[in-house]
Each structure stands twice: as C-alpha cells, then as structure tokens.
Amino acid sequence: MALITPSHAAESLFAILPHDLAGGQLEEYGIEAAPDQAQEITREVLALNLYWVQSALQAVRTKAADKERVLAALRDRILQGWTTELRLDGQDAQAFFQQAGERRQAYDQIVQEGGGPVAVFTECAAILEAVSAVKPEDRRKILALLIDLIPVDQIGELVRDFQLAGP
C-alpha cells in the first residue's frame with residue numbers, strides 16, 4: 001500500500017462525491033428544481049457527504065491529527081471546486097461549512113439513537129423539504145436520489161485504505 005498525502009486523500013474523496021446536481025441527475029429522479037433549489041440540494045448533499053467522510057475518518061483513523069489533516073485538505077479541495085465543479089457560485093462557502101457542522105450534530109444524534117444511513121438520508125430529505133428545495137410530493141424522489149447517490153460504503157472503503165505520509 002502506497003503512502004499518500006492528505007491532499008491526495010482529499011482529491012480521492014472529492015472525486016467520488018456527487019458534484020453539481022443541477023443537470024440531469026435531478027431530472028432522472030423526476031425532481032424539478034429551479035437553479036437556486038438545485039444549489040441548495042447540492043449544498044445539502046455535500047454536507048451529507050462530509051458527514052459520512054467525517055464518520056469514516058472517526059471510525060478508521062486512530063490519530064486525531066490524521067483526521068484533521070485529511071478534513072482540512074478536503075475543505076481546501078471543496079473551496080477550490082466551489083464555483084466550478086460544484087457550481088455554487090453566489091453561495092457563502094464559510095456559512096456552508098458552519099451549516100455542515102450543524103448537520104453533522106443532527107446526523108450524529110440519529111446514528112447514536114440507532115439510526116442507519118437510510119434514517120440519516122430521511123432527515124436530509126426532510127431538511128430539503130423544510131427549506132423548500134424540494135416539494136413535499138418529491139420527498140420520496142429525493143430520498144431515492146440520496147440512497148443511490150451518496151457513496152457511504154465507497155467512502156468507508158477509501159478511508160480505510162488510506163496510508164498517510166508525513167507526521
């Protein structure tokens with residue numbers, strides 16, 4: 001197994017995460033969304049993916065410094081692709097990271113109470129409905145998209161296989 005830097009780990013993680021959802025992915029699930037709604041869905045999906053990355057790092061990495069180095073590099077990579085790959089131009093990245101931290105607390109609570117990925121996805125779908133990013137009648141559609149789109153197992157496998165170089 002080759003040693004990799006936190007930046008390479010972040011790049012690998014970023015590569016498997018869903019990016020801009022404004023295109024055909026929403027339409028494939030029968031979800032109609034205005035551009036601002038598509039951005040909100042992209043933000044929530046990104047926050048949900050960050051939750052799974054952080055959870056995988058917590059479960060697998062024993063050194064807190066390793067977790068922080070990978071998360072910092074992933075944050076930098078997200079910022080690098082904020083307006084291009086993620087198409088979140090006009091959105092406040094710093095506010096997003098704060099909101100993602102709040103989501104993490106809510107998702108952690110669900111998992112601590114025995115909920116699995118589907119329960120977390122259901123909470124994310126409820127959030128998207130509450131902020132009017134999806135219509136109430138599209139809740140099942142967004143839940144199906146989340147189940148299909150969020151690479152929970154792949155994130156865990158990737159993190160498990162990281163061998164970080166450096167101190």
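Colleague: Is Ile 150 buried or exposed in this predicted model?
Modeller: In this predicted model, Ile 150 has a relative accessible area of 6%, and the cut-off for burial is under 20%. Ile 150 lies in the loop between helix 7 (139-149) and helix 8, and its contacts beyond four places in sequence are with Val 45, Leu 48, Asn 49, Trp 52 and Phe 121. By its accessible area, therefore, Ile 150 is buried.

Colleague: Which residues of helix 8 (residues 152-161) are buried, and on which side or sides of the helix are they?
Modeller: The buried residues of helix 8 are Val 152, Ile 155 and Val 159. Because they cover an arc of only 65° around the axis, they are placed on the same side of helix 8.

Colleague: How are helix 1 and helix 8 oriented relative to each other?
Modeller: Two packed helices are described by the angle between their axes and the distance between the axes. Here the axes of helix 1 and helix 8 come within 10 Å and cross at roughly 165°. Since an angle over 145 degrees counts as such, helix 1 is roughly antiparallel to helix 8.

Colleague: Which residues make the contact of helix 1 with helix 8, and how many of them are nonpolar?
Modeller: Helix 1 contributes Ser 12, Leu 13 and Ile 16, while helix 8 contributes Gln 154, Ile 155, Leu 158 and Val 159. Among these residues of the contact, none is charged and two are polar, and the nonpolar ones number five.

Technical notes
Residues are numbered from 1 along each chain as its sequence is written. This is a predicted model: local features need pLDDT of at least 70, side-chain atom pairs count only at pLDDT 80 or more; totals for chains, interfaces and linings use all residues. Side-chain values use heavy atoms; hydrogens and water are left out. Buried means under 20% relative accessible area, exposed over 50%, partly exposed in between (1.4 Å probe, protein chains only). Helices (H or I, at least four residues) and strands (E, at least two) are DSSP runs, numbered from the N terminus. The arc is that of the directions from the helix axis to the C-beta atoms. Contact means heavy atoms within 4.5 Å. Axes are lines fitted to C-alpha atoms, for helices over the stretch in contact, and angles run from 0 to 180 degrees between N-to-C directions. Angles under 35 degrees count as roughly parallel, over 145 as roughly antiparallel, 65 to 115 as roughly perpendicular and the rest as oblique. Ala, Val, Leu, Ile, Met, Phe, Trp, Tyr, Cys and Pro count as nonpolar, Asp, Glu, Lys and Arg as charged, and the others, Gly among them, as polar.
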